[in-house]
Amino acid sequence: MDVSRLFSLEGKVALVTGGSRGIGRMIAEGFLGAGTERVYITARKADEVEATAAELGERCVALPGDIATLAGIEALAAELSTRESRLDVLVNNSGVAWGAPFDIFPEGGWDKVMDLNVKTPFFLTQKLHALLRAGASDIRPAKVIMIASVDGMRLNPWETYPYQASKAALIHLTRRMAARLAGEHIVVSGIAPGMFASKMNRAADHAPDRVASQIPAGRVGADEDMAAAAIYLASRAGDYVVGETITVDGGWVNAWVPGDFVGPAGE
């Protein structure tokens, strides 16, 4: 058994949404280190996407776009189809949060969160279905990795109603899509990140020591922790992990006590 090959992504083509920063960037950088032939990263802000791609090197390709709408999803899929004949790994990482008191929570905030966090992963995968099928086989399945959140597994006290609901929905959507696509050699799985420093997770970003005191592992997540989980699922090592969402949180979900939580989790 060649264990080194188990975790290799050599020769694979990947697309990471929300890849310009945070968890998306961690995953993109990890994929490049694992030998990916090309990693496309996409996000709405073109300057950020292009800057990140430049920093990560020539095998990282900027593909800016707004995938919050079906038109944007179709445009991204069409552009990728002009560049590649297949897609080996799709990471549905783009997401957004919105918090407001229950009595005044706005419909616009609800729709924005549910559309990007649940609708976009489904329809982007749908529009890239042909590219995912193109290179997939029983010995080399294509991979779709959904980035959920620990907030979809346990409650937190923050009034981020659609965020928590959307991540729970994404975990179940991962199961449903996995059941449908496994027969086509497309493996769908997911990751539920805990506390990783990012612009969305302000608590982990600005008060890591305080957050770390509530995590059994004693620290917030490092870039390598997220990259490792994604590489595992994207590589041969994760071929038999179908429909499962892996929690990467240093033990926070299993140790969480109501009233002790200091900030929302997410991408």
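**Surface and model**

I first looked up the surface, and the protein chain exposes about 11,900 Å², of which carbon and sulfur atoms supply 54%; the areas come from the Shrake-Rupley method with a 1.4 Å probe, and for residues only the protein chains shown count as cover. I keep in mind that this is a predicted model, in which local features need pLDDT of at least 70 and side-chain atom pairs count only at pLDDT 80 or more, while totals for chains, interfaces and linings use all residues. Residues are numbered from 1 along each chain as its sequence is written, and side-chain values use heavy atoms, with hydrogens and water left out.

**Overall fold**

I noted eleven helices and seven strands in the protein chain, taking helices (H or I, at least four residues) and strands (E, at least two) as DSSP runs numbered from the N terminus. The radius of gyration of the protein chain is 18 Å, close to the 18 Å that the globule rule gives for 267 residues, so the chain is as compact as a globular protein of that length; the radius is taken over C-alpha atoms, and the rule is 2.2 Å times the number of residues to the power 0.38. Along the principal axes, the C-alpha atoms fill a box of roughly 50 × 45 × 35 Å.

I then checked burial, and buried residues make up 52% of the 267 residues, where buried means under 20% relative accessible area, exposed over 50%, and partly exposed in between (1.4 Å probe, protein chains only). Of the contacts with a separation of 6 or more, 73% are between residues 24 or more positions apart, a contact being heavy atoms within 4.5 Å.

**Aromatic pairs**

I looked for ring pairs among Phe, Tyr and Trp (its six-membered ring), which pair if their centres lie within 6.5 Å, with planes under 30 degrees apart counted as stacked, over 60 as edge-to-face and the rest as tilted. The count by this rule comes to four aromatic pairs. F105 and W110 form an edge-to-face pair, at 6.5 Å centre to centre and 85° between the planes; F105 is buried at 17% relative accessibility, whereas W110 is partly exposed at 35%. F105 also pairs edge-to-face with Y161, at 5.9 Å centre to centre and 80° between the planes. Because F105 lies in the loop between strand 4 (89-92) and helix 5 (107-127) and Y161 in helix 7 (residues 161-181), this pair ties together parts that are 56 residues apart in sequence. Y161 is partly exposed, at 32% relative accessibility. I recorded the cluster that ring pairs make of F102, F105, W110 and Y161.

**Single residues**

I looked up S20 in the loop between strand 1 (13-17) and helix 2 (22-33), where S20 is buried with a relative accessible area of 9%. Leaving aside neighbours within four places in sequence, S20 is in contact with R25, I41, A43, E48, V49 and T52.

I next turned to G57, which lies in the loop between helix 3 (46-56) and strand 3 (60-62) and is partly exposed at 26% relative accessibility. G57 and E29 are 28 residues apart in sequence, and their C-alpha atoms are 9.5 Å apart in space.

My last entry is S189, which has its place in strand 6 (residues 186-193) and is buried at 2% relative accessibility. Not counting residues up to four places away in sequence, S189 touches V144, I145, M146, T174, L233, V241, G243 and E244.
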